[in-house]
Amino acid sequence: MIRHDYSRVDPKRRANLDYKKRQFAKAEFQQQNYNHRLNFYVLPPTAEITLDEFETWAIDRLKVLSELEACTFRNRSPEETTEYMRGILDKYLPLRSDSSRSQKLQEERRKDHYSHFILRLAFSSTEDLRRRFSRLETMLFTLRFKDDDLRERADFVKSLELEWEEVREEEKRELKEDLLAASGMVGKKSEEQEWFKVDWERVPELVGQRRILLKRGKAYVPQREQMSLVVAEFTKKLDDALELTARALSELDEDHRLSPILTHLSQSFTTPDAPYSTSDANINGLSTITHQQIDTLSQSFPLCMRNLHDTLRTTSHLKHYGRLQYTLFLKGIGLPLDECIIFWRRSFKLLTDEKFNKEYKYNIRHAYGDVGGDANRRGRGYTPYSCQKLLTEPLPGPGQTHGCPYRTFAPDNLVSVLQRVGVNDREVLKTVREDVGKQRYHVACNRVFEWSHKREIRKVKEDGSWGTSDLDTIVHPNTWFKRSWLLKHLGEGNVGVVDGGAVGQGEKVVE
Amino acid sequence: MPHSVTPESTPTDDSSRTVSQVDTVKPDPETQDVAMEDALTPPETDKPKVKLEDIFDDEDSDEEFPSSAPIATSQDAFSQPPPIQITSQSSFSDSNVMRAFYQRLFPFRPLFQWLNHSATPSNDFAHREFAFTLPNDAYLRYQAFPTADLLRKRCIEMLPSRFEIGPVYSANPQDRKSLKNTLKKANAFRPLMKELVFDIDMTDYDDIRTCCTGASICLKCWSFITMAIKTIDIALREDFGFRHILWVYSGRRGAHAWVCDKRARQMDDQKRRSVASYLELLKGGDQSGKKVNARRPLHPHLERSLAILKEHFQTSILAEQDPWVTEEKAAHLLNLIPDPTLRSALQKKWDSAPSRPSANKWSDIDALAKSGALSKTPKELLEAKQDIILEYTYPRLDAEVSKKLNHLLKSPFVVHPGTGRVCVPIDTRNVEEFDPLGVPTVTQLLQEIDDWRGEEGEKKMQDWEKTSLKPYVDYFRRFVAALVEEEKPTLKREREKGVDAMEF
Ligand SMILES: [Zn+2]
């Protein structure tokens, strides 16, 4: 199934991708065969893929990496992470073992392979991005390595032909006690174990935990610690490759044709970009919204929209970007155009009808795609803003209220606004402060969501009505609203209807 | 909608956000120079202390490269007018004293070779960050010098009360501002290499030190540092295979180690963290109870450390520190004993003689255990006793210093502003003989130059050769020579392979 509900690269830039396609197409006949589920990504892809695949694969992998990163930001334990990621991986980047006998093995492995290389290009430009990419790819690899079929994993490791010096019998005998003491193996015989000797730098984790013997810079690694070695090798190879890619990229022109898509992707890494899909407006149990309901519904709005709503109510006005942001959001939750016009007309209490009709009405209609050029009307106006959009646009000036409050508010002000909307848990507020200090705005926002819906989330988890991917990190204000509304109206005939009906076939993109 | 941008809605830049965040004042680069000028005149002590590092840089960039400098403290001595003549009574922080120190005593040339790894100036030295603490406590980061002479010249000009050494960067640290505006900015200026460093400070021993408190030390408590040096040094050599390790007296109550092997210099943060954590044992703060819970069998590194430390435990700890002589302290010892039966037997015994010396209390444990007051196995008791020995003797590292490639550390041979003592190297072959209280102070050294009545040979003698600094400088020069020697063939080999060894 091809996913159409994802945000894309600006259509104007899309044509440039042909260049990229040619790069990949160099040896189009060389369709690679993937013998193993796991991949060290040493060989770049050689076959041609479609434009759709290029974009969606990259975005799907990005989603997976972003979720992994969110797990570390929230200090999930390895077990929790594995559990949480299972649903995400199944949905966005499934990778089955040979033993599954799935028809899609090669297809899945190809997507995994290509998406890795596309992102590698996108994330090699700066040291910071490289480090993050390497860390997250390593986490992903480890996750998969752990749950791989044991026999297939052994085959894979063998295929790597890593140069590990085996410790010879004689040395094993000589170091017997030290080897066992270091690795904490009591009552076992060192002779029965295979040991490898490597430079200690290759297994920094084992060294840090004092779980292996060190001698003159060599680490003596028992067979069962193989994973650390393989993972360290994976990281090292990836880091080296990223350096090379970075150097190769820096020789390209700034306005090289590849730049737009790569920049787009790497920006999405800050906060994964989320599409707005009409399904967000299609909430079971919520009939067509009218302007009178907005005050009540605003209880379920994310802070960015709640802030606009409250400002509108206290000042009877919003400046341009705030109006745009809010109008698109309201459109997104399913407020029809005529209701939206009434909403604004009544909200702007201080304006005459004449002024409103002349200066504001047209803009609202334009946002809905009711007027404007062909393209605008065909596309049904503008897409509701995602978190990424809100987090990357210019900061608001005096009197302006648009944007993401987690980013635009000073921490003290943020905290008092949060308290005003009922977030009063000291621990949560403290962590939110830390999050925004580290510029992890969307993490802070999700934390607040989880706190304010903790009872409902526990319930849907316990009764199994919602899966992990239904509760993944929120990266779109409209998703926040939808999820919040559904959670707060559990048991009103909408339980479990998260996807808002059929996703896919009937799905329309609002762009 | 986008076609109708009204005048009110012009997007604005960061300078006018709705809700202001705390912004640091960012004056022109000129301010920098003004501050430097100021440094040459004696400043007032009650000036508000603004750390220059906060002012100089962009909001976020310095966070990536934090400094290890302690928070500047005021030095009363600075408020005195500078005396005209240097005598042994002169305060070591007088600008004349510091000027004479940098002019006549500081071994700039060996320091240069140490950091440069060869006699010919290279980027190993030129791209190295120095950070100066000026007499007015201003803190100046990202200083860099092409040669030893230029570093010397700047020191004489600015008379830093001390300076620190940071990493070698991918470009000249002084150019970092302009580099930030170039295309691949995140890449253009980044730390590449630095020695692996360790910091051991007596403050971390305050809960078990009984002879002195605060900043003061004596030979008894110095043995904590001696034990630490012995334990860490051997682990770095035997386990990690490092060979060029320079231990330096920190000037008051601690020691630093600089591991200078190329392999150590190239380590990234993850590897530094692993080494630090390999060497760390004690967990938990003052209130955490049992601080050592070593896995059994003991890791060979701990087994070896225990063997070294056991000897010191009898003398340095039981006899000299007498850590459990009071009832309150003895209670802590009791807490560390896992056996309830034995614990109550000991409690009973010590209640009747509360101030029994620690050595006796320690031997009471085995004595009572043998007489039957033991409900657990002798092995468990032995392990608990080993843990106790380690808690009282095992090195307490300030591990944060070791974990980051871009952490700065005070240079060897600078003067400690509080004691006036020179931060001299410690020869590990005679580590037990090192006497921190016998380390010369800067005023004493200047006096020694004046008092020197020897004959000048054909070759003109350096001033430091006339003083008690000589053995330390000699030791340092030998250390540097061995390092430079080892780097030579590597350089040649890499050139032959076609790798540009001087790439950065
Ligand atoms: Zn003392």
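Me: What span should helix 3 of chain A have, given its 23 residues?
Reply: The expected span of a helix is 1.5 Å times one less than its number of residues. In this predicted model, helix 3 of chain A covers residues 51-73, so its 23 residues should span 33 Å. The C-alpha atoms at its ends are 33 Å apart, which agrees.

Me: Is helix 3 of chain A mostly covered or mostly uncovered?
Reply: A residue counts as buried under 20% relative accessible area. By that criterion, 19 of the 23 residues of helix 3 in chain A are buried, and the helix is mostly covered.

Me: How many helices and strands does chain A have, and how many of its residues count as buried?
Reply: Chain A has 25 helices and four strands. Of its 511 residues, 57% count as buried. Among the contacts in chain A with a separation of 6 or more, 70% come from residues 24 or more positions apart. The accessible surface of chain A is about 24000 Å², and carbon and sulfur atoms account for 47% of that area.

Me: Turning to the metal, which protein donors does the zinc ion have?
Reply: The donors are the SG atoms of Cys211(B), Cys212(B), Cys218(B) and Cys221(B), at 2.2 to 2.3 Å from the zinc ion. Along the sequence, these residues follow the spacing C-C-x5-C-x2-C. Cys212(B) and Cys221(B) are both buried.

Me: What geometry does the site of the zinc ion have?
Reply: The ideal angle for four tetrahedral donors at a metal is 109.5 degrees. Here the angles among the four donor atoms of the zinc ion are 100 to 119°, and the site is tetrahedral.

Conventions: Residues numbered from 1 in each chain as written. Chains lettered and ligands numbered in written order. Predicted model: local features only at pLDDT ≥ 70, side-chain atom pairs only at ≥ 80, totals over all residues. Heavy atoms only, no water. Donors = N, O, S within 2.8 Å, 3.2 Å for Na, K, Ca; no water. Tetrahedral: all angles 85-135°; square planar, octahedral: opposite > 155°, others 65-115°. Buried < 20%, exposed > 50% of the residue type's maximum accessible area, 1.4 Å probe, protein only. Helix = DSSP H or I, 4+ residues; strand = E, 2+ residues; numbered from the N terminus. Contact = heavy atoms within 4.5 Å. Areas by Shrake-Rupley, 256 points an atom, 1.4 Å probe, with all protein chains shown as cover.
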